[in-house]
Amino acid sequence: MSPFFVMSLLFGLIFGQAASLCAPSEYTIHVEKRECAYCLAINTTICAGFCMTRDSNGKKLLLKSALSQNVCTYKEMLYRTALIPGCPLHTIPYYSYPVAVSCKCGKCNTDYSDCVRERVRTNYCTKPQKLCNL
């Protein structure tokens with residue numbers, strides 16, 4: 001291996017995280033329940049951005065721990081609850097949603113994140129819309 005290749009590899013492993021652009025980003029969630037008269041548009045923040053990933057082409061040369069597929073995920077989050085308007089008395093009119101406080105590049109945790117890229121856009125309203133700014 002050439003010294004240039006080794007230095008490039010070490011530089012990428014050490015400073016790869018510093019080049020990542022992962023931060024809270026504004027996002028609108030549309031929430032509706034079948035029993036309720038309105039769709040609620042909630043403005044929140046999610047983690048979005050670019051994280052350095054190491055290509056597995058060199059997997060024979062590197063340890064498995066060096067071959068990571070990082071995603072932009074929550075470092076710190078909190079949950080807020082919104083009231084969906086126009087719900088009958090027998091329906092629970094509340095919806096809890098996450099708010100990203102800070103983000104990091106790391107492994108995707110399926111306990112609180114959708115780790116698969118959504119292919120079909122389903123974030124829209126089919127009922128009259130109300131806006132919720134919390």
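Leu21 sits in strand E1, where helices (H or I, at least four residues) and strands (E, at least two) are DSSP runs numbered from the N terminus. At 64% relative accessibility, Leu21 counts as exposed; the cut-offs are under 20% relative accessible area for buried, over 50% for exposed, and partly exposed in between, with a 1.4 Å probe and protein chains only. Together with Phe50 and Met52, Leu21 makes a nonpolar surface patch of about 310 Å². Patches here take residues with over 30% relative accessible area and no salt bridge, joining like charges within 9 Å and nonpolar side chains (Val, Leu, Ile, Met, Phe, Trp, Tyr) within 5 Å. The areas come from the Shrake-Rupley method with a 1.4 Å probe, and for residues only the protein chains shown count as cover.

Before going further, a word on what you're looking at. This is a predicted model, in which local features need pLDDT of at least 70 and side-chain atom pairs count only at pLDDT 80 or more, while totals for chains, interfaces and linings use all residues. Residues are numbered from 1 along each chain as its sequence is written, and side-chain values use heavy atoms, with hydrogens and water left out. As for pLDDT, that's the predictor's confidence in each residue, from 0 to 100. The protein has a mean of 77, with 62% of its residues reaching 70 or more. Confidence is lowest in helix H1 (residues 3–15), at a mean of 51, and highest in E4, at 93.

Now the overall layout. Of its 134 residues, 26% are buried.

So what is on the inside? The largest nonpolar core has ten residues: Ile29, Val31, Cys36, Leu40, Ile42, Ala82, Ile84, Cys87, Tyr97 and Val99. A nonpolar core means a set of buried Ala, Val, Leu, Ile, Met, Phe, Trp, Tyr and Cys residues joined through side-chain atoms within 4.5 Å. Strands E1 (21–32), E2 (39–50) and E4 (94–106) are the elements that each give two or more residues to this core. A second, separate core has eight residues, among them Cys47, Cys51, Cys72 and Cys105. In soluble globular proteins, nonpolar side chains tend to be buried together.

Cys36 is joined to Cys87, S to S 1.9 Å. The torsion about their S-S bond is about 100°, so this disulfide is right-handed. The pair links distant parts of the chain, 51 residues apart: Cys36 is in the loop between E1 and E2, and Cys87 in the loop between strand E3 (71–83) and E4. Both Cys36 and Cys87 are buried.

Next, Cys47 pairs with Cys103, S to S 2.1 Å. Here the torsion about the S-S bond is about -90°, so the disulfide is left-handed. Cys47 lies in strand E2 and Cys103 in strand E4, so the bond ties together parts that are 56 residues apart in sequence. Cys47 and Cys103 are both buried.

Then there's the disulfide between Cys51 and Cys105, with sulfur atoms 2.2 Å apart. Its S-S torsion is about -85°, so it is left-handed. Because Cys51 lies in the loop between E2 and E3 and Cys105 in strand E4, the pair ties together parts that are 54 residues apart in sequence. Cys51 is buried at a relative accessible area of 7%, and Cys105 counts as buried at 13%.

Ala48 has its place in strand E2 and is partly exposed, with a relative accessible area of 32%. Its C-alpha atom is 5.8 Å from that of Cys22, 26 residues apart along the chain. Ala41 is also found in strand E2, but at 0% relative accessibility Ala41 counts as buried. The C-alpha atoms of Ala41 and Tyr27, 14 residues apart along the chain, are separated by 10.0 Å. Over in strand E4 you'll find Ala100, which counts as buried at 7% relative accessibility. From Ala100 to Ser25, 75 residues apart along the chain, the C-alpha separation is 8.2 Å.

Methods:
Disulfide = S-S within 2.5 Å. Salt bridge = Lys/Arg side-chain N within 4 Å of Asp/Glu carboxyl O.
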